[in-house]
Amino acid sequence: MLFVTLRDDPADAEIPSHKLLLRAGYIRRIGAGIYAYLPLMWRVLQKVSQIVREEMNATGAQECLLPQLQPAELWKESGRWDTYTKAEGIMFALTDRREQDLALGPTHEEVITTIARDMIHSYRQLPLNLYQIQTKFRDEIRPRFGLMRGREFIMKDAYSFHVDEESLKKTYQDMDRAYSNMLRRCGLAFRGVQADSGAIGGSGSQEFMVLAEAGEDEVLYTEDGQYAANVEKAVSLPNDAEPSPFTSFEKRETPQTDTIEKLCAFLKCSSTQVVKNVLYQAVYDNGTTVLLLVSIRGDQEVNEVKLLNELTKLLGAYNAKTILKLSVPDAQTQETWAAKPLPLGYIAPDLTDDYITPTPTPSSPGVTPPLHKGGLGGFHPQFLRLADKTVVDLKNFVTGANEPGYHVVGANWGDNFKLPNDQVDIRKSLPGDRAIHNPEQTLQSARGIEVGHIFQLGTIYSQSMGAKYTNEQGEDKPLLMGCYGVGVSRLAQAAVEQSFDKDGIIWPVAIAPYHAIVTIPNINDAQQVEAAEKLYTELNQAGIETLLDDRDERAGVKFKDADLIGIPYRIVTGRAIANGKVEVVERKSRTSSEIPITEVVSTIKQWIEQEKG
């Protein structure tokens, strides 16, 4: 077989699973974020795929295969072409010889909605759930961690269609159970968590996280098992604000206090009594740039995913379809819109709009549209002011004075500053925060690798693409949709990230490339060779997938390779065969047993069944 292992860690591999898959000869890097799945890896991927397929089929879903090459007009219909090619920029787009724009599919909502629009006409055809297992493409800014964040990867994606919310929620719950079954059967420790829907869209969504130290995502959860969420989505109760030491409103000189820490040290106050005002700018697809002023409590941080979600709700107000970029404007960017030097570090909630240079338009030069009415292109002439809920009830707080070196103390909403109309939850939840469902529970933190994500899409795609059905009353209604994805290749690597030791991979039995490996310590010993070949044949005939290591190598090299590639059971035809026995070593526990040759097949079979549960 094609079997080449490496002694040392590859230079470009950062996390254990990436190093081990390369060293053990499972994958080979072909380019940035592009890997070949070698024979051992392909066996793992086939096993994961089969478990996924069986659990999907058990729900009544039907397998199909959709095109990887997708016409741009479908994505323009849904309004996501600019989001994926410009805002997120993760779609491989190309132009064919007919000058038609195409893309390699990062996901298939548009394609499946087109099929539904053409083929589903009546409520009698519903509900329907279609899925596929195939390669997806995403032009990651920084491909890394091997199969965790590649530009080409294998994914199972499913799409369901319904007549009402009740039917959608039933399938969503079916998928929840199916995904939990998949991960349990793959032998993984995991957690289902509330999640942000991101560019896919829709209302409810849940991620399935394989728990591992190298996980890119932070999961916040409570010990009672009642709450778990990705940190991007998590909500919680912040610590109570401390009483303010200030009783009257006054402006104070506060030199060199352009950070919360310096300010609180100077004024001898708590950061929970400070209103900090953070500048952001949002660039919309119609050319409009909106400047934001976000007021949040001094001890809190802005969750930019939550902020982006709030801005997305206001797309219509700015005559836009999507937000291309959300960022904190740096000094160079500020020069493009700031009419005068900004009092950075000392900004108050009422920073005046005349800091923004007006952008006249050819049709209405010098006209200032009212707040939340944009779409003119250029810089919107007014700040969009948002208040996080942590500042709403503060009394006698500290904030900037819109003058470098000065703050105000003892300030109050209504008396000294107008509370912004938009009061929203845009704070980042933190470990130690109190849980909303039970304030006696505090949020704990864990790292996770997202391997699955399920969404209740609703009508977001069917309405934009005109996918309708006729109900019992003869009325045309938009189809309700759900979307359900599992990263097959990512799940396989996540299993390694969760289970390894200093010597190599420890595969769960259910997805290991082989169940057992028969190792001949000395290939010049005819008795060892004969016993090994006999066992190899009998094990495979019994359905126990087995490798035979008959290489002309030292025994120590063979044992090291067996540990590295992570085969669950190693059978060694060594000195014990003189007594009619062989040594059997379990990779996971490293326990070694001498077992009569005649009992090896039945013993290994029993162990495998126990491991699979």
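I took contact to mean heavy atoms within 4.5 Å. The model is predicted, so I kept local features at pLDDT of at least 70 and side-chain atom pairs at pLDDT 80 or more, with totals for chains, interfaces and linings using all residues. Residues are numbered from 1 along each chain as its sequence is written, and side-chain values use heavy atoms, without hydrogens and water.

Entry 1, tyrosine 179. Neighbours within four places in sequence aside, I found tyrosine 179 in contact with Met56, Lys156, Phe208, Gly452, His453, Ile454, Tyr484, Gly485 and Val486.

I defined a nonpolar core as a set of buried Ala, Val, Leu, Ile, Met, Phe, Trp, Tyr and Cys residues joined through side-chain atoms within 4.5 Å; buried is under 20% relative accessible area (1.4 Å probe, protein chains only). The largest core has 61 residues, and Tyr26, Met41, Met56, Tyr179 and Trp507 have the most contacts inside it. Helix H2 gives the most to this core, with 8 residues. A second, separate core of 26 residues includes Trp81, Ile90, Phe161 and Cys483.

Helices (H or I, at least four residues) and strands (E, at least two) are DSSP runs, numbered from the N terminus. I listed Lys558, Asp561, Ala562, Asp563, Leu564 and Ile565 as the buried residues of H14 (555-565). Their packing partners include helix H1 (16-23), helix H2 (39-58) and strand S30 (569-572). Glycine 566, which follows H14, has a positive phi near 80°.

Entry 4, strands. Pairing requires at least two DSSP bridges. S30 and S31 (581-586) run antiparallel, joined by 4 bridges.

Methods: Buried < 20%, exposed > 50% of the residue type's maximum accessible area, 1.4 Å probe, protein only.
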